[in-house]
Amino acid sequence: MNVLSPSLAASSGMADVIGEDGKIVVPADVEEAIRTLIRWSGDQPEREGLLDTPKRVARAWREYCSGYAQDPGLHLSRTFEEVGGYDEVVLLRDIPFQSHCEHHMAPITGTASIAYLPRDRVVGISKLARVLHGFAQRLQVQERLTAEVAQCIWDNLKPHGVAVVIEAQHGCMTGRGVRTHGVGMVTSRMLGCFLDDASSRKEVLALMGRG
Ligand SMILES: [Zn+2]
C-alpha cells in the first residue's frame with residue numbers, strides 16, 4: 001500500500017474539479033459514502049430534505065479540511081526586519097478557530113493565544129492566525145494542533161521563544177458520551193525562552209490572561 005502524506009494525497013489524487021455552477025464536483029463514491037452514513041444513522045437518504053445533503057456535506061468537509069492543501073509555514077515567509085528596536089513579546093490573544101477531532105470527526109471549537117519573542121524579524125500579525133487555521137483545518141487532536149502551531153513559528157521565524165495556549169470544547173464530549181457541556185480543555189506548548197525561563201513564561205501567561 002502506498003502511504004501518502006495528507007498534503008500529497010490532497011494535491012495529487014484529489015484535485016478539485018469545478019463544475020459549470022462554479023461549485024466543486026463531488027465524486028460519486030463520496031456522495032454514496034454520505035448516503036450510507038445517513039442510512040446508518042437511521043434516516044432515509046431518499047427523502048426530499050436529504051436529497052442534496054450528501055453534496056453539501058462533501059463540500060463542507062472540503063472546506064473544514066482545506067488545511068491539507070496548504071503549507072502553513074508559507075504564511076511566515078514574508079518578514080519585516082525593521083522593528084524600531086522593539087524587543088518585547090508579540091501576542092495575538094483569543095483567536096477563535098474551528099477544527100475537527102480525528103477520532104470522531106466532531107467539531108472542536110475554541111480560541112488560541114499565540115506569542116513569540118522576536119529575534120530580529122516579525123511577521124504581519126494576521127499571519128499567526130493563518131498558521132493556526134492552516135493546521136486547524138485538518139483532522140486533529142488538540143495536543144498536536146498546539147504543538148504544530150508552535151513548531152511552525154519556531155522553525156520559520158527562529159525567535160527567542162514561542163508560546164501557544166489553546167482552550168477548546170470538543171463536540172465528541174459535549175454532544176455524545178459523557179456530555180460534559182461547558183468543559184474546556186487547555187493545552188500549551190512553550191519553546192525557547194518560554195520553556196527555559198520561568199519568569200518569561202510567567203510574563204507571557206499573564207499577558208495571555210492566564211497568569
Ligand atoms: Zn473526538
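Figure 1. Read from the N terminus, the elements follow the order α-α-α-β-β-α-β-α-β-α-β-α-α. That gives eight helices and five strands, where helices (H or I, at least four residues) and strands (E, at least two) are DSSP runs, numbered from the N terminus. The model is a predicted one, in which local features need pLDDT of at least 70 and side-chain atom pairs count only at pLDDT 80 or more, while totals for chains, interfaces and linings use all residues. Residue numbers start from 1 along each chain as its sequence is written.

Figure 2. The C-alpha trace spans about 65 × 40 × 35 Å along its principal axes. Domain 1 covers 6-64 and domain 2 covers 80-207, with bounds that come from an automatic or database domain assignment. Between the C-alpha centres of domain 1 and domain 2 there are 31 Å.

**Figure 3. Helix 2 against helix 3.** Here the axes of helix 2 (residues 28-41) and helix 3 (residues 53-64) come within 9 Å and cross at roughly 110°. Helix 2 is therefore roughly perpendicular to helix 3. Axes are lines fitted to C-alpha atoms, for helices over the stretch in contact, and angles run from 0 to 180 degrees between N-to-C directions; under 35 degrees counts as roughly parallel, over 145 as roughly antiparallel, 65 to 115 as roughly perpendicular and the rest as oblique. On the helix 2 side, look for Val 30, Glu 31, Ile 34, Arg 35 and Ile 38, which meet Thr 53, Pro 54, Lys 55, Val 57 and Ala 58 of helix 3 (contact: C-beta atoms, placed from the backbone, within 7 Å). These contact residues comprise six nonpolar, one polar and three charged (Ala, Val, Leu, Ile, Met, Phe, Trp, Tyr, Cys and Pro count as nonpolar, Asp, Glu, Lys and Arg as charged, and the others, Gly among them, as polar).

**Figure 4. Helix 4 against helix 5.** Helix 4 (residues 126-136) packs on helix 5 (residues 142-157) at an angle of about 135°, with the axes 10 Å apart. The two helices, helix 4 and helix 5, are therefore oblique to each other. Val 131, Leu 132, Phe 135 and Ala 136 of helix 4 make the contact with Leu 145, Glu 148, Val 149, Cys 152 and Ile 153 of helix 5. By class, the residues of this contact are eight nonpolar, no polar and one charged.

**Figure 5. The annotated positions Cys 101, His 104 and Cys 172.** An unreviewed UniProt entry lists these three, Cys 101, His 104 and Cys 172, under "binding site"; such annotations may be inferred rather than shown by experiment. They are spread over 72 residues of sequence yet cluster in space, the largest C-alpha distance being 8.0 Å. Cys 101 sits in strand 1 (residues 90-101).

Notes: Two residues are in contact if their C-beta atoms, placed from the backbone, lie within 7 Å.
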